[in-house]
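Subject: Structure handover

Hello,

Here is the structure I promised you. Please open it and keep it beside this email while you read my notes.

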Amino acid sequence: MSTIKDKLNFTYNGKSSTSFNVTQVSLDNGMFEETLVATRTIKEENLIDRKRSLFSGLEKENLEFTITLAFNKGFTDTLIDSVIDWLFGVEYYSPLIFSETNRIYYCLPNGDSNIVHTGTGQGYITLNMRTNSPYVYGAMVTKTITTTTESSLAIINDGLTNPEAIIEITPSANGSVSLTMNNYTVQINNLKNGEVVKIYPQDEDIVSSLDNVYHYSDYMGDLSKLFLKNGNNTFKVTGKAKVNYIYQPMYNK
């Protein structure tokens, strides 16, 4: 778990808080209080006899948290306008990265925002941030295999099982390529030299860069099983191709 209230600086939408002379501060007395993981709700159905409930899954809410920013050297109307443009000038979830962490929160200000000040240019602002996911993320990772016969590599995923991933296959000859993840193999046939085929394990989708070329009937196996588990994974490629396994680790917090 990565804590955030003890971090003074951060970047949001590619801009650093230091460039606006603001620092994250805590108004808590003594110890910091933070969300441990995303709020979750048990989904259940009541049985006819009503003596017990039937578990039907979990529903997780997107993360929400508050940040408080103090003006290190006071503020002017111009600086306030710049900070507003920085934090509120985007209308899509943008990456928020706190200093000394590798966690990425894709978030937007949500709800009320306030400024508390002395009337003489000293003060702080408080805003609520809401993410687009119950999870936080790491930087994108690319692992590459280039082979003319067979080759494998180890992929260590320090995040949760089944992160979003893209597998890019660039064949160096017409024919077939087999992908094996942790002893499960998917074979893709009728590939063309130089085309780029992208596989999306979570969506069970396969897309070619060539016009009017579809590989939905050209593969054998289950694309969704080419996912990464938490910890050590073995990825093997058989055939003539360059293959990139691209993924973004995700974490509970």
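Ile42 counts as exposed, because its relative accessibility is 51% and exposed means over 50%. Keep in mind that this is a predicted model. Look for Ile42 in strand β4, which covers residues 40–46.

Met129 has a relative accessible area of 2%. The cut-off for buried is under 20%, so Met129 counts as buried. Met129 sits in strand β9, residues 123–131. Which residues does Met129 touch, leaving aside those up to four places away in sequence? The list is Tyr12, Leu63, Glu64, Phe65, Ile67, Cys107, Leu108 and Pro109. Take Leu63 from that list. In sequence, Leu63 and Met129 are 66 residues apart. In space, their C-alpha atoms are 8.3 Å apart.

Next, the aromatic rings. A pair of rings is described by two things: the distance of the centres and the angle of the planes. The model has ten aromatic pairs. One of them is Phe235 with Tyr245. Their ring centres are 5.3 Å apart, and the angle between the planes is 70°. That makes the pair edge-to-face, because planes over 60 degrees apart count that way.

Where do Phe235 and Tyr245 lie? Phe235 is in strand β19 (residues 231–238), and Tyr245 is in strand β20 (residues 241–247). The pair therefore ties together parts that are ten residues apart in sequence. Are the two residues buried or exposed? Phe235 counts as buried, because its relative accessibility is 1%. Tyr245 counts as buried too, with a relative accessibility of 1%.

There is also an aromatic cluster to find. Phe10, Phe20, Phe65, Trp86, Phe98 and Tyr105 form it. You have met Phe65 already: it is among the residues that Met129 touches.

Phe98 leads on to the last stop, Thr101. The side chain of Thr101 reaches the backbone oxygen of Phe98 at 2.8 Å. Thr101 is in the loop between β7 (94–98) and β8 (105–117). Beyond residues up to four places away in sequence, Thr101 touches Ser2, Thr3 and Lys7.

Best wishes

Methods: Residues are numbered from 1 along each chain as its sequence is written. This is a predicted model: local features need pLDDT of at least 70, side-chain atom pairs count only at pLDDT 80 or more; totals for chains, interfaces and linings use all residues. Side-chain values use heavy atoms; hydrogens and water are left out. Helices (H or I, at least four residues) and strands (E, at least two) are DSSP runs, numbered from the N terminus. A polar contact is a pair of N or O atoms within 3.5 Å; within protein, one must be able to donate a hydrogen and the other to accept it, and residues adjacent in sequence count only if both atoms are side-chain atoms. Contact means heavy atoms within 4.5 Å. Buried means under 20% relative accessible area, exposed over 50%, partly exposed in between (1.4 Å probe, protein chains only). Rings of Phe, Tyr and Trp (its six-membered ring) pair if their centres lie within 6.5 Å; planes under 30 degrees apart count as stacked, over 60 as edge-to-face and the rest as tilted.
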